[in-house]
Amino acid sequence: MTVLLAIVAGALFAAAIYLMLRRSVLRLAIGLSLLANAANLVIFVAAGLTRGVPPLVADGATAPPPGAADPLPQAMVLTAIVIGFSVLAFTLTLMHRVYQEGGSDDVDDLSEADVQ
Amino acid sequence: MSLVVLLPVLVPLTAAALGLAAWRSPAAQRFIAIAGSAVLLAVGIVLFLVVERDGYQVVQIGDWPAPFGITMVADLFSAILIVLTGVLAVAIVVYSTASIDAGRERYGYYPLTMVLLAGVAGTFLTGDLFNLYVWFEVLLIASFVLLALGGERAQLEGSLKYVALNLVASAVLLVTIGVIYGMTGTVNLADLALRMELVDPAIAAGLAAMLLIAFGIKAALVPLFFWLPASYHTPPVAVSALFSGLLTKVGIYALVRVFTLLFADQAADFQPLLLTVAGLTMIIGVIGAVAQHEMRRLLSFHIISQIGYLVMGLALFTVNAMAGLIFFLVHVALAKSTLFLVAGSVNQLTGSYELAKTGGLWVLKPGLAVLFGIAAMSLAGIPPFSGFLAKLALIEAGLEIDHLLIVLVALGVSLLTLYSMLKIWNAAFWKPLPTDLEPFADGAAAVTPERVASTRLALTMVAPIVFLVVCSVALTVAAGPAFELVERAATQLMEPVGYIEAVLGGGGS
């Protein structure tokens with residue numbers, strides 16, 4: 001399972017980088033969202049995968065059952081998803097405004113602020 | 001519980017919330033922002049005094065013992081940077097009240113600035129790698145909006161590049177944190193400092209390299225700096241001043257923190273790479289600056305060049321080099337913000353940032369010329385100003401361990417810095433105001449010397465510049481105690497035993 005998810009994460013990274021290297025602003029947005037999700041998946045996988053043992057402390061016990069899933073990476077991934085989502089929402093709005101102002105979705109046309 | 005560690009984060013966040021509550025009244029927002037930054041400076045000074053007297057200050061959030069909860073910790077390095085943040089905040093917020101247009105004020109300029117300050121303070125104080133990422137995102141989202149606020153075309157294009165590259169950096173940081181957690185089972189920096197030794201050195205080096213890329217993008221190191229000259233000159237000058245003083249420095253802070261705590265063993269292996277990056281960052285930044293004809297673009301490239309000096313301090317990795325780095329960081333943040341604010345005032349007087357369209361200010365506004373002169377000479381490293389002392393400290397640290405090449409580069413880049421500062425000086429202050437200026441696009445008549453002479457800069461525009469210059473000069477006047485202080489801060493960084501004990505040992509104290 002770990003190997004499979006590692007391959008998925010790698011494929012997501014590859015797709016994200018490919019999309020970000022395209023000239024279209026829209027593909028850049030999709031690439032950025034894939035990149036964020038690939039990163040989330042890596043955290044999830046890197047911390048180790050366990051099945052069927054939720055980290056719940058039973059009545060009377062003081063520790064979760066042995067071999068329980070580590071809840072911390074899940075909390076981190078949740079945080080990262082929320083942050084990634086809000087940042088992506090902002091990015092999309094920004095891209096829409098850029099398109100409205102410039103009338104183009106080609107990054108090569110976005111050179112007004114560049115170094116001359 | 002030493003609440004004082006949390007106040008530098010809570011104060012600006014409270015000011016942001018109050019500012020949002022007063023959404024309809026820009027005047028109230030202005031007042032809240034000024035009060036918020038003044039209180040931030042005050043609590044910063046209190047925190048600094050406490051840390052200076054009693055040593056490390058640690059707060060375990062929710063009283064969860066480290067390494068299980070989130071730790072906020074202040075050592076001398078953090079405390080110095082918090083005071084610096086407060087100084088810049090006061091100056092720039094006051095300057096903003098004179099220079100930010102009503103449209104931006106109406107759409108939340110001040111609350112956003114406060115959120116940015118909270119993010120910066122949080123980054124400086126957190127003792128937890130994942131929390132560091134979260135604070136980075138807080139300051140990033142605020143900076144995204146500040147950069148794009150106003151919606152001019154150049155701003156939007158600059159913001160898009162800034163947002164895209166910073167999101168890539170955040171993703172790299174996130175992946176690295178995930179792998180670090182996978183390898184060690186902790187994200188507490190003090191705990192990591194102990195457990196990194198157990199990680200295979202090759203993997204540790206890989207993790208260090210990934211963090212170098214993530215923070216390197218945020219700090220604008222060569223070859224990862226391209227977002228900076230594409231975006232920093234587009235927003236109002238107060239925003240540029242704030243960003244130049246704080247944001248890239250946050251990247252450097254994070255690099256210093258992880259290299260001293262987590263990767264001290266790898267630092268020697270990374271030295272050739274870091275020295276190369278430092279040299280190239282200095283040279284490429286300053287050459288870019290020399291080629292510019294617009295003040296804000298020129299100053300933006302200078303930010304990159306100065307980052308090179310900071311990386312040089314990190315690369316040398318001795319107590320003296322770290323002390324030089326901290327002194328240089330404080331000096332450059334003050335000098336750089338001053339120069340941006342002066343450029344804004346020049347624009348206010350002559351209506352342009354283009355060097356060709358300005359002039360005559362030495363005769364017409366000698367006070368402003370003197371303020372610019374002090375900041376510019378300080379940046380270039382002319383004695384007796386703070387830049388000279390900062391560069392001297394770094395160069396001595398380089399000579400101590402016989403790194404002649406980087407010392408020569410640092411000295412050569414100083415000359416080019418002086419040249420580019422002279423370029424602004426000659427164009428904006430020394431040469432007479434051009435007489436063949438065209439009228440403005442909006443129909444206003446062309447600027448004449450009489451009009452410049454009769455324009456009075458608002459007190460809220462001049463006072464912040466004077467304040468920053470006074471702070472910069474104070475750094476020179478009190479150089480003895482200041483160096484003693486940064487040496488203590490550097491010793492704390494290079495010998496992190498105290499930091500680790502303070503975080504892990506004390507529990508909830």
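**Labels and their grounds**

Me: What makes Phe317(B) buried or exposed?
Reply: Phe317(B) has 22 other C-beta atoms within 10 Å, so it is buried. The label buried takes 20 or more other C-beta atoms within 10 Å of a residue's own, exposed takes 12 or fewer, partly exposed lies in between, and C-beta atoms are placed from the backbone. Phe317(B) is in the loop between helix 13 (295–316) and helix 14 of chain B. Its phi is positive, about 55°, although it is not a glycine.

Me: How should I read the model and its numbering?
Reply: The model is predicted: local features need pLDDT of at least 70, side-chain atom pairs count only at pLDDT 80 or more, and totals for chains, interfaces and linings use all residues. Residues are numbered from 1 along each chain as its sequence is written, with chains lettered from A and ligands numbered from 1 in the order in which they are written.

Me: What is the mean pLDDT of chain A?
Reply: Chain A averages 87, on a scale of predictor confidence in each residue from 0 to 100. In chain A, 96% of the residues score at least 70.

Me: Why is Ala220(B) called buried?
Reply: Ala220(B) has 25 C-beta neighbours inside 10 Å, so it counts as buried. Ala220(B) sits in the loop between helix 9 and helix 10 of chain B. Its phi is near 65°, a positive value in a residue other than glycine.

Me: Which peptide bond of Pro223(B) is cis?
Reply: The bond from Val222(B) to Pro223(B), with omega near 5°. Pro223(B) lies in the loop between helix 9 (201–219) and helix 10 of chain B. Another cis bond joins Pro383(B) and Pro384(B), with omega about 5°.

Me: How do you know that chain B agrees with a compact globule?
Reply: A compact globule of 509 residues would have a radius of gyration near 23 Å; chain B has 22 Å, so the two agree. The radius is taken over C-alpha atoms, and the rule is 2.2 Å times the number of residues to the power 0.38. Buried residues make up 62% of chain B.

Me: How many helices and strands does chain B have?
Reply: Chain B has 22 helices and 2 strands. These are DSSP runs, numbered from the N terminus: helices are H or I with at least four residues, strands are E with at least two.

Me: What makes strand 1 and strand 2 of chain B a pair?
Reply: DSSP must find at least two bridges between two strands. Here 4 bridges join strand 1 to strand 2 (residues 71–74) of chain B, and they run antiparallel. Val58(B) stands opposite Val73(B).

Me: Which residues touch the most other members of the largest nonpolar core?
Reply: Ile80(B) and Ile326(B), in a core of 242 residues. Helix 14 (residues 319–350) of chain B gives the largest share, 20 residues. Such a core is a set of buried Ala, Val, Leu, Ile, Met, Phe, Trp, Tyr and Cys residues joined through C-beta atoms within 7 Å.

Me: What is Ile80(B) in contact with, leaving aside neighbours within four places in sequence?
Reply: Phe48(B), Ile326(B), Val330(B) and Ala489(B). Contact takes C-beta atoms, placed from the backbone, within 7 Å.

Note on methods: Contact = placed C-beta atoms within 7 Å.
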